[in-house]
Amino acid sequence: MKVLICDPTDPKAIEAMRSAGIDIDVRDDISADDLLIAISNYEGIVVRGRTKVRQSLIDAAINLKAIVRGGVGLDNIDVEYAKSKGITVMNTPAASSISVAELSISYMFALARRIPQATASMKAGLWEKKKFKGTEIYGKVLGIIGIGRIGREVAKRAVALGMKVIAYDPWVKEAENAEMVSLDDLLGRSDYITLHLPLTEETRHLIDRDAFGKMKDGIRIIDCARGGILDEDALYDAIAGGKVAGAGLDVYTEEPSKGNKLFELDQVIGSPHVGAATKEAQARVGAEVAEKMIAFSRENC
Ligand code: NAD
């Protein structure tokens with residue numbers, strides 16, 4: 001099987017695929033135009049989020065049998081069109097769950113103790129002990145919206161920290177470490193809310209002005225899922241109006257999110273979409289990519 005690596009991929013994964021007899025070419029910064037010319041030579045491609053696999057590329061991919069996407073989202077691939085051409089599309093959804101869960105938990109502590117703001121104050125040469133009196137997360141209610149792979153990892157850790165965990169997910173009736181509740185119940189009872197659901201037409205702006213209105217005063221909210229689930233304008237107003245005490249954001253409506261006005265607010269802390277960006281998750285992504293491509297080549301080539 002001849003496979004093109006189109007995006008940066010763990011060298012160990014490339015080695016594993018070669019050892020399994022797969023003929024690999026690595027062009028992990030290939031431009032869209034060059035890929036359009038090269039694609040007909042390959043039966044498999046490995047992509048991350050950078051390479052866009054749209055209809056025109058799929059039409060040119062006359063020998064393509066398999067696409068492996070290292071990572072979760074398949075938004076850069078026209079999956080249905082690829083499938084209609086008999087191409088198998090695979091991804092590595094579980095590889096980064098723990099990393100994203102740990103980032104979400106980190107945000108809870110960072111919001112409770114305002115670690116980024118205290119660091120900025122220390123770097124400014126100040127000693128603002130009174131200003132940085134914090135709160136504990138022990139005994140607080142955590143509301144998880146979307147209790148899939150990541151949500152469950154968050155729930156397990158939050159229970160171990162002594163939090164009461166409630167969750168809303170229209171597709172899940174029971175979860176091991178959480179009491180399942182309605183969305184309104186979750187909004188009204190939570191001290192912290194963390195989002196772990198996909199962005200779809202139904203979930204866009206699920207957390208809007210109306211939702212903020214139903215929350216407790218002093219709520220802290222975390223979004224490590226996808227930008228757009230939270231209405232950023234509504235969040236801005238909810239913070240400015242004193243309803244929301246803090247927000248931890250890894251994802252944004254527009255990415256890259258440079259100059260986002262939310263960051264003018266002291267209560268907002270954030271990161272540039274790094275939920276899955278850990279050594280361990282990247283190695284797991286690589287291992288799963290190799291595993292899937294090797295299994296595919298054994299069964300089909
Ligand atoms: P998953 O598919 O395992 O779980 C998602 C859950 O959301 C499912 O249980 C589903 O039933 C639920 N859901 C769907 N619609 C819902 C709704 N309207 N209300 C409440 N729940 C709803 O996915 P996952 O692997 O746990 O990933 C969760 C999110 O995290 C996804 O949006 C994913 O793209 C994102 N993610 C972000 C990063 C990052 O770098 N920050 C990395 C990986 C994943």
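## Salt bridges

Let's start with charges: this structure holds 21 salt bridges. Keep in mind as you look around that the model is predicted.

Lys 156 makes a salt bridge with Glu 153, and their closest N and O atoms sit 3.3 Å apart. Both residues belong to helix H7, where Lys 156 and Glu 153 are three residues apart, or about one turn of the helix.

Now zoom out to the whole chain.

## Where H5 meets H7

Helix H7 turns up again here, this time with a partner. H7 spans residues 149-160 and helix H5 spans residues 97-113; their axes come within 8 Å and cross at roughly 50°. An angle under 35 degrees would count as roughly parallel, and 65 to 115 as roughly perpendicular, so H5 and H7 are oblique to each other. Their crossing is right-handed.

Which residues of H5 and H7 meet? From H5 come Ser 97, Ile 98, Val 100, Ala 101, Glu 102, Ser 104 and Ile 105, while H7 brings Arg 149, Ile 150, Glu 153, Val 154, Arg 157 and Ala 158. Sorted by class, this contact has seven nonpolar, two polar and four charged residues.

## Where H1 meets H11

Here's another helix pair to look at. Helix H1 (residues 11-19) packs against helix H11 (residues 279-300) at an angle of about 20°, and the axes are 8 Å apart. Because angles under 35 degrees count as roughly parallel, H1 is roughly parallel to H11. The two pass each other in a right-handed crossing.

On the H1 side, the residues in contact are Ala 13, Ala 16 and Met 17. They meet Gly 286, Val 289, Ala 290, Met 293 and Ile 294 in H11. By class, the contact between H1 and H11 has seven nonpolar residues, one polar residue and no charged ones.

Most residues other than glycine have a negative phi, and most peptide bonds are trans. With that in mind, check out the loop between strand S11 (244-249) and strand S12 (268-270), where you'll find Pro 256. The peptide bond from Glu 255 to Pro 256 is cis, with omega near -5°.

Then there's His 205, in the loop between strand S9 (192-195) and helix H9 (209-214). His 205 isn't a glycine, yet its phi is positive, at about 55°.

Technical notes
Residues are numbered from 1 along each chain as its sequence is written. This is a predicted model: local features need pLDDT of at least 70, side-chain atom pairs count only at pLDDT 80 or more; totals for chains, interfaces and linings use all residues. Side-chain values use heavy atoms; hydrogens and water are left out. Axes are lines fitted to C-alpha atoms, for helices over the stretch in contact, and angles run from 0 to 180 degrees between N-to-C directions. Helices (H or I, at least four residues) and strands (E, at least two) are DSSP runs, numbered from the N terminus. Angles under 35 degrees count as roughly parallel, over 145 as roughly antiparallel, 65 to 115 as roughly perpendicular and the rest as oblique. A crossing is left-handed if the near helix is turned anticlockwise from the far one by less than a right angle, and right-handed if clockwise. Contact means heavy atoms within 4.5 Å. Ala, Val, Leu, Ile, Met, Phe, Trp, Tyr, Cys and Pro count as nonpolar, Asp, Glu, Lys and Arg as charged, and the others, Gly among them, as polar. A salt bridge is a side-chain nitrogen of Lys or Arg within 4 Å of a carboxyl oxygen of Asp or Glu.
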